[in-house]
Amino acid sequence: MKTIFKSLLAIMVLSMVLGSCGKGDSKKNGALSGNAAERVYVAPGEYDEFYAFVSGGFSGQLSVYGLPSGRLFKVIPVFSVDAEKAYGFNEETKPMLNTSHGFIPWGDSHHPDISQTGGVLDGRWVFINENNTPRIAKIDLTTFETTEILEIPNSAGNHSSSFVTENTEYVVAGTRFSIPFPQRDMPIKEFKGNFKGALTFIKVDPKDGTMDIKFQLMMPGFDYDLSHPGRGDSHGWFFFTTYNTEEANSLLEVNASQNDKDFIAAVNWKKIEEYVNNGGGTKMPAKYAHNVYSDEVHSATSTMRDEVLIVNPSEVPGAIYFMPTPKSPHGCDVDPSGEYIVGNGKLSADLTVHSFSKLIKAIEEKKFDGDAYGIPILQFEATLAGVVKSPGLGPLHTEFDGKGNAYTTFFISSEVVKWKLGTWEVLDRKSTYYSPGHLMIPGGNSGKPFGKYALVMNKITKDRYLPTGPEVTQSAQLFDITGEKMVLLSDFPTIGEPHYAAGIPASLIMSKSKKIYKLEENKHPFATKSQSTAKVIRKGNEVHIYMTMIRSHFAPDNIEGVQVGDKVFFHITNLEQDYDVPHGFAMIGAQTSELLIMPGQTETSIWEPKQVGVWPFYCTDFCSALHQEMQGYIRVSPKGSNVPISFTLDGDALDAE
Amino acid sequence: MKKINLTFSLLAVLALFMVSCSGGEKKQEVTETKTEMAPEGKGQSAVIDDVSAANALQVAKSLDDFKTLVAAIEAAGVEDAVVNVGPLTIFAPVNAAFDKLPAGTLDDLLKPENKSKLAFILVNHVAPANYPDSQLKKEAKKGRKLYMASGKYLLVEDKEDGIYVGGTKILKSVKVSNGWIHVIDNVLVPAE
């Protein structure tokens, strides 16, 4: 009613305006397009146009934002425990964080990348790497949960990861730190020539995304910093930036900056794949965990692998080349056509762009300039497509808009610079606040970017927000890149370090988002699918409670016969089959997190009561109007007590009519 | 607050109008002032979800027996309450139950001016709790009355031929995602 009134009023006023001025024609002008607030405003109840999966960096997680609003929707636990979601706390997800070093509660997540088919985002999975204890995780974009984590052996500081090839044939993980291969007790100063850098090619099952290491390429002991796949004509190749080709092992800030040029390694993975498929490579002992979460049993399993296939560059001549690139290149970005490979020399005054077609020609014409450990070094000029002259200071990363433009971040001069592929001219520059690392254009690592927004992720915040003590949140800044000049629209806080991000149009994935888990498909070994079958069973000092939850009670909710020194397992099934109705569970004194159980799911929490008494538990998620009534009691008797196990609801047995 | 906003918009529009007449060419911005207002949201009953188990309103809407009840729910504007996470137990009168009311009663209740009266009668059929038939039997056995969303209490009786609530027999029970529907063939008109 009010809306109608407003519209009428607007029409009246409008007609007054038009009538009195007598000229009705109007066209869009700069005043409208200059309205940044309007362009990031997503009205209540409306949806964002893009999902942004923003790495949590040293939080170890992956956050889900909407663009252009910058609203945070979810933090997906990946490499760090998350007490809110019981990730790494409940029995079902503990195996996800298992490694060859045992259970690890924290990780450092860096580069998310979305799966592709035919060089275009397909929105099935996000892959993300863990730097510290090298691992690659896969997040399912129907459940928005981590469903697989694969540890990478023979790697350290898993940084040039986890980028996918154009049909998600492989996820690639390169080591930042070279290490002895095989690992052994040896003097550090004997690094040179003895340490190796593993580039790991992980095969992805096209049906379910299961990851499996196909081979590890054992490269010279440089630092492998970032990487990107070829696409189009360069599909089948992968490019890795290197620094510390000096092979220094101390004070790298000086010693790794001695060489005038380091390399971009060009790896013809199709050639190596063929070699491996024909029986090439050597199986070597290794120890690494492969952790898989199943939505059927709502549980993860961890399997320890003991072997990996190693390929040495010398075994496959003609598969690997070095392209000299000035001054410790960091970002290694391939344009949507696959022709240009941009090397951002951190310490270089210029951006170096290599050409794939020139690379192939130079190889054919053998335009070599010596070799490094037997790997041919191409002549610098032979592969050079062009140089972007003095675009800024401290170039790090480049993304593309699909319209022939590239956008590069500059850490030291704190700006993002737009330049043109082919002519190498600088078209625009905008300050960022402060010191950007990566930037992200949705679909930026694919043949088809969605060049509407660029999200620039800054490392330094200082005075940009209300101060919160010595630690201030790191920021992401959203630019509109549809015009000739970039326009800064907004600036929003992030979790941990927003190291890198991957974006995708919401329309490609939102309809596939899961609403509930079907109870009849729940194959958890401790699932309880109806209230009448709930039970409590003692096995020695273990007490297994098979419990259900539905608005607004637990069944059973009164349990007796538990003793001090028992190990009590709560196996709880949420019987709801309704979207967005999780229930929580918390037990007083339990040395673990809460449980947060989705409709149709079963989770397990362990409690070891240490004190005699009657102890309550309750639902932690405000589930319903009677949420405060959703509670129960457990009687804990002294060890050896003769109080028998009993369990009831409303004073009766659960199967009583 | 809305009034203030509206007044403000109006002033903004007028201001623009004046600018545009003197300056000559910015008229299109008149429409811009509309975006100042957040649109009115639809309630939870407008959520599209064909995956979850059906809620009480979705079940009622799918059955011809509840045509009158659904019409009454809509007339009273309580659709959103009926799809709420609840839990809710609804004693749902079939169409014939409304026919038993004195002539003209239903038509009268469906008039806009009687909206709150109709809503009061409807919520007298809703218990804010989860009562499957097994639980209703226990309520009867233990002599516990049902507290209804109207603030009134209903008597539950476990008789030889079935469970009675407020003096009328439960004909059938249906599990819904947000609770239970028990079908009855009388309207439970609360005592004033």
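Me: How many helices and strands are there in chain B?
Reply: This is a predicted model, in which local features need pLDDT of at least 70, side-chain atom pairs count only at pLDDT 80 or more, and totals for chains, interfaces and linings use all residues. Residues are numbered from 1 along each chain as its sequence is written, while chains are lettered from A and ligands numbered from 1 in the order in which they are written. Helices (H or I, at least four residues) and strands (E, at least two) are DSSP runs, numbered from the N terminus. On that basis, chain B contains eight helices and nine strands.

Me: What share of the residues in chain B is buried?
Reply: A residue is buried if 20 or more other C-beta atoms, placed from the backbone, lie within 10 Å of its own; it is exposed if 12 or fewer do, and partly exposed in between. Chain B has 192 residues, and the buried share is 33%.

Me: Which peptide bond in chain B is cis, with omega about 5°?
Reply: The proline concerned, B:P87, lies in the loop between helix 4 (79-83) and strand 1 (88-93) of chain B. The cis bond is the one joining B:G86 and B:P87.

Me: What distance separates the centres of domain 1 and domain 2 of chain A?
Reply: The domain assignment, which is automatic or taken from a database, gives domain 1 (50-512) and domain 2 (522-648) of chain A. Contact between them, meaning C-beta atoms placed from the backbone within 7 Å, takes twelve residues from domain 1 and 14 residues from domain 2. Taken over C-alpha atoms, the distance between the two centres is 43 Å.

Me: Which residues of helix 5 of chain A are buried?
Reply: Helix 5 spans residues 269-277 of chain A. What covers them includes strand 11 (170-174) and strand 13 (195-204) of chain A. These buried residues are A:W269, A:I272 and A:E273.

Me: Does A:Y275 count as buried, partly exposed or exposed, and what is the class?
Reply: A:Y275 also belongs to helix 5 of chain A. Beyond its neighbours within four places in sequence, A:Y275 is in contact with A:G280 and A:V316. Because A:Y275 has 16 C-beta neighbours inside 10 Å, its class is partly exposed.

Me: Which residue stands opposite A:S475 in strand 34 of chain A?
Reply: Strand 33 (475-480) and strand 34 (487-493) of chain A pair in the antiparallel sense over six bridges, where pairing requires at least two DSSP bridges. A hairpin joins the two strands through six residues. The residue opposite A:S475 is A:P493.

Me: Is A:N154 buried or exposed?
Reply: A:N154 sits in the loop between strand 9 (145-151) and strand 10 (160-164) of chain A. Although A:N154 is not a glycine, its phi is positive, about 60°. With 24 C-beta neighbours inside 10 Å, A:N154 counts as buried.

Key
Contact = placed C-beta atoms within 7 Å.
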